[in-house]
Amino acid sequence: MQPPRRRLLIFAEAISLAHVARAVTLAQSLDSARYDVHLVCDPRYLSLFDELGFPVHAIRSINSAVFHDRLAEGSPLYTTTELHQYVQEDLRMITEWQPHLVVGDFRLSLSVSARLTGVPYAAVTNAYWSPYARPRFLVPELPITERFGPHVAQGLFSLIRPLVFAQQAYALNKVRRDYGLPAVGYNLKHIFSDADYTLYADLPQLVPTIYPPSHHRYIGPVVWSFGKLPSWWSSLRDNVRTAYVTMGTSGREDLTQMAAHTLAGMGWQVLMATARPGSVTGVRGGVWVANFLPGMRAASKADLVVCNGGSAAVYQALAAGTPVLGIPMNLDQYLMMHYLRRFESGDYIRAGLATAELVTRMVRRMDESAQYKTRAVQLRDQIFHYRAGERFQACVDDILHKGPAVLAPAIST
């Protein structure tokens, strides 16, 4: 007789498509004969997916536009009231479904709710948010950047960043104290990585950490791709320079349009995904437009991927061995692109400085250098051998065998 299936609740914070898609991909990687998998998330992006093959339970995420406005202003991402509401919804789901393991992708409230119920909790995050990473924190596009320029703003940001990170951590620590739990530290890194087990959706060769404890583990990039090929796909030409341009659901449409039409003006074949349901598809000004494109197919067709620098689009490109030109805006995107530039598999232009002239200059420089393609192919091979789905299932097996981890104190940074 087979042992009974173990139940997992996988929570996704739906402030962007990327977190939902990563959670869906991880859920689908698990053996359904061994695991009773349930996805828990706000349903706002679920219509984009085909039949998932497992139950979905609706909870609330704050409005995406509100979240990204706060991000752009440098304001706290969540209020204590919002996190209290999240905790109550988490507890309702955990109490109703009695899982053996809870997995969260940017559902920060699980730092409270999972601990209150005693269910083992694994957080999926990027390694550059680890307390054991040593990233370079570049100033993102904030009001101070626009006012003083990147150079002066970088100096100011470096001075005030510890205070900004502490301010961002205040709400979750306050909610933890309200439920009788100790604070996890007034540092954004601790807030994003706090869990019984922390799973890094990155390659250690690209985003390394320094002596992480045993409950911090790399599972590798969670590469996802969905969407149907548009009717114009069969009309695309082969053997011409091709770019795939998308800024995702959180990107600026004006930057998408500017980059796409600049490349088209340079004679490139441009595939553009607007990530805006209801957009008009077709061919406009030499740009092949669709609401959404299968990211892996588009990246494989392309010689260059132009995106917002977020890890989702970056890893789609790298999994196809295609270099990346990022136009980042927020800190998460700058962190990803800094590591990519350091590995020489991509480069970036600041969103606040991006112009058609700068895009033209950067594209020409990247196109003339074989190094970007060579390094992107090296990362493609590493992604292929890492097999995130298999590593995730191995982590799940190990966690279910061991139960909640005995946490080592995080190093301070």
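Reader: In which loop is Y211 found?
Author: This is a predicted model. Phi of Y211 is near 50°, a positive value in a residue other than glycine. As for its place in the chain, Y211 sits in the loop between β6 (197-200) and β7.

Reader: Is Y211 buried or exposed?
Author: The cut-off for exposed is over 50% relative accessible area. Y211 has 77% relative accessibility. Y211 therefore counts as exposed.

Reader: Where is E344 found, the residue with a positive phi of about 65°?
Author: E344 is not a glycine, yet its phi is positive, about 65°. Its relative accessible area is 38%, so E344 is partly exposed. E344 belongs to the loop between α11 (331-343) and β14 (346-348).

Reader: At about what angle does α11 run to β14?
Author: Helix α11 lies across two strands, β13 (324-326) and β14. Its angle to β14 is about 135°.

Reader: What is the strand order in the open sheet with mixed pairing?
Author: This open sheet has 7 strands. Its edges are β10 (282-284) and β14, each with a single partner strand, so one side of each has no neighbour in the sheet. The twist averages 20° from one strand to the next. The order is β10-β11-β9-β8-β12-β13-β14.

Reader: Which residue in β9 is the bridge partner of Y244?
Author: Strand β8 (residues 242-246) pairs with β9 in the parallel sense, over 5 bridges. β8 also pairs with strand β12 (residues 304-307), again parallel, over 3 bridges. In β12, Y244 stands opposite V305. In β9, the partner of Y244 is L271.

Reader: How many residues of β9 are buried?
Author: In a regular strand, side chains alternate between the two faces of the sheet. On one side of β9, Q269, L271 and A273 are buried. On the other, V270 and M272 are buried too. For strand β9 (residues 269-273), the count is 5 of 5.

Reader: What is the order of the 7 strands in the open sheet with parallel pairing?
Author: β3 (56-58) and β7 (216-218) stand at the edges of this sheet. Each has a single partner strand, so one side of each lacks a neighbour in the sheet. From one strand to the next, the twist averages 25°. The order is β3-β2-β1-β4-β5-β6-β7.

Reader: Which residue in β2 is the bridge partner of I10?
Author: Strand β1 (residues 6-12) and strand β2 (residues 35-41) run parallel. They are joined by 7 bridges. The partner of I10 in β2 is L39.

Reader: Which strands does helix α1 touch?
Author: Helix α1 (residues 17-29) packs on the sheet. Its direction makes about 165° with that of β1. Helix α4 (residues 110-117) packs on the sheet too, touching β1, β4 and β5, with its direction at about 160° to that of β5. The strands touched by α1 are β1, β2, β4 (101-105) and β5 (121-125).

Reader: Why is β4 described as largely enclosed by the rest of the structure?
Author: Buried means under 20% relative accessible area. L101, V103 and D105 are buried on one side of β4, and V102 and G104 on the other. β4 is largely enclosed because its buried residues number 5 of 5.

Reader: How far apart in space are Q28 and G389, C-alpha to C-alpha?
Author: Q28 lies in helix α1. It is partly exposed, at 44% relative accessibility. Leaving aside neighbours within four places in sequence, Q28 is in contact with E51, L52 and F54. Q28 and G389 are 361 residues apart in sequence, and their C-alpha distance is 8.5 Å.

Reader: What volume does the second largest pocket have?
Author: Its lining holds 11 residues, of which L48, F226, G227, K228 and F292 lie nearest its centre. The lining divides into 5 nonpolar, 4 polar and 2 charged residues. The volume of the second largest pocket is about 250 Å³.

Terms used
Residues numbered from 1 in each chain as written. Predicted model: local features only at pLDDT ≥ 70, side-chain atom pairs only at ≥ 80, totals over all residues. Heavy atoms only, no water. 1 Å grid on protein atoms, 1.4 Å probe; cavity = no way out; pocket = protein on both sides within 12 Å on 5 of 7 lines; lining within 4 Å. Points joined across faces, edges and corners; volume = space filled by probe spheres on them. Nonpolar A, V, L, I, M, F, W, Y, C, P; charged D, E, K, R; others polar. Pairing = 2+ DSSP bridges. Helix = DSSP H or I, 4+ residues; strand = E, 2+ residues; numbered from the N terminus. Axes fitted to C-alpha atoms, helices over the stretch in contact; angles between N-to-C directions. Contact = heavy atoms within 4.5 Å. Buried < 20%, exposed > 50% of the residue type's maximum accessible area, 1.4 Å probe, protein only.
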